[in-house]
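Biologist: I am new to reading protein structures. Could you walk me through one, feature by feature?

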Amino acid sequence: MSHLQNGAAFPPLSIPAVGGGVIEIPGSLLGSFAVILIYRGAWCPYCQAQLAGFQRASEKLAQAGIKVVAFSVDDEATTKGVIEKHGLSFPVGHSADLDEVVATTGAYANHTPRHLQTTGFLLDPEGKILNAVYSSGPIGRLVADDVIGMIAYLKSKA
């Protein structure tokens, strides 16, 4: 699949949630601006910095009405360790099906070892893509302050 375009509805994905259940994307995010973070894995220092940055900005994100979800192909135990290490308060999914995510979102993937490349989406309250950031390697990703700034700008023009 090709990359998702701005203005398109984000296609449905169901990702297993740490502790049970599933994260329904975009269904669980509808009604709010939202960020979807696809990260490479617990082993990636850039991904860890991104997740920690979104956690540090969690109060500002909440005040701006922005929900955050993240996921990777890591197993549940590894993902639970990431959540605990950074005190993540937003939903984090695990064991994402690499092939399904690539086919659905157009995310880049690495096949040996198997992991998704960093991909981020900013959605409007209806689940439409406002901004998509695709990285083919470890660098190039959404940053919390940029997301907050973009939503503030959009709200000021509404």
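Modeller: We will look at a strand, then the cores, then the cysteines. Keep in mind that this is a predicted model.

Biologist: Let's begin with strand 3. Is strand 3 largely enclosed or largely open?

Modeller: Strand 3 covers residues 33-38, and six of the six are buried, so the rest of the structure largely encloses this strand.

Biologist: Which way do the side chains of strand 3 point?

Modeller: Here is the general idea: side chains in a regular strand alternate between the two faces of the sheet. In this case, Phe33, Val35 and Leu37 point one way, while Ala34, Ile36 and Ile38 point the other way. Residues on both sides are buried.

Biologist: Which strands are joined to strand 3 by bridges?

Modeller: One is strand 4, residues 66-71, which runs parallel to strand 3 and is joined to it by six bridges. There, Ile36 has Val69 as its bridge partner. Another is strand 8, residues 119-123, which runs antiparallel to strand 3, with five bridges between them. Across that pairing, Val35 stands opposite Leu122.

Biologist: Leu123 also belongs to strand 8. What does Leu123 touch?

Modeller: Leaving out residues up to four places away in sequence, its contacts include Phe10, Pro26, Phe33, Ala34, Ile36 and Ile129. Leu123 is buried, with a relative accessible area of 1%.

Biologist: Now the cores. How many residues has the largest nonpolar core?

Modeller: In general, nonpolar side chains of soluble globular proteins tend to be buried together. Here the largest nonpolar core has 25 residues, and Val35, Phe54 and Ile66 have the most contacts inside it. Strand 3, helix 1, strand 4, helix 3 and helix 5 each give two or more residues to this core. Helix 5 supplies the largest share, four residues.

Biologist: Which residues is Phe54 in contact with, leaving aside its neighbours within four places in sequence?

Modeller: Among them are Val35, Leu37, Val68, Phe90 and Val147. Apart from this core lies another, of 22 residues, including Phe10, Leu13, Phe121 and Ile129.

Biologist: Last topic: how many disulfides does a search of the whole structure find?

Modeller: A disulfide is a covalent bond between the sulfur atoms of two cysteines. The search finds zero.

Technical notes. Residues numbered from 1 in each chain as written. Predicted model: local features only at pLDDT ≥ 70, side-chain atom pairs only at ≥ 80, totals over all residues. Heavy atoms only, no water. Buried < 20%, exposed > 50% of the residue type's maximum accessible area, 1.4 Å probe, protein only. Pairing = 2+ DSSP bridges. Core = buried A, V, L, I, M, F, W, Y, C linked by side-chain atoms within 4.5 Å. Contact = heavy atoms within 4.5 Å. Disulfide = S-S within 2.5 Å.
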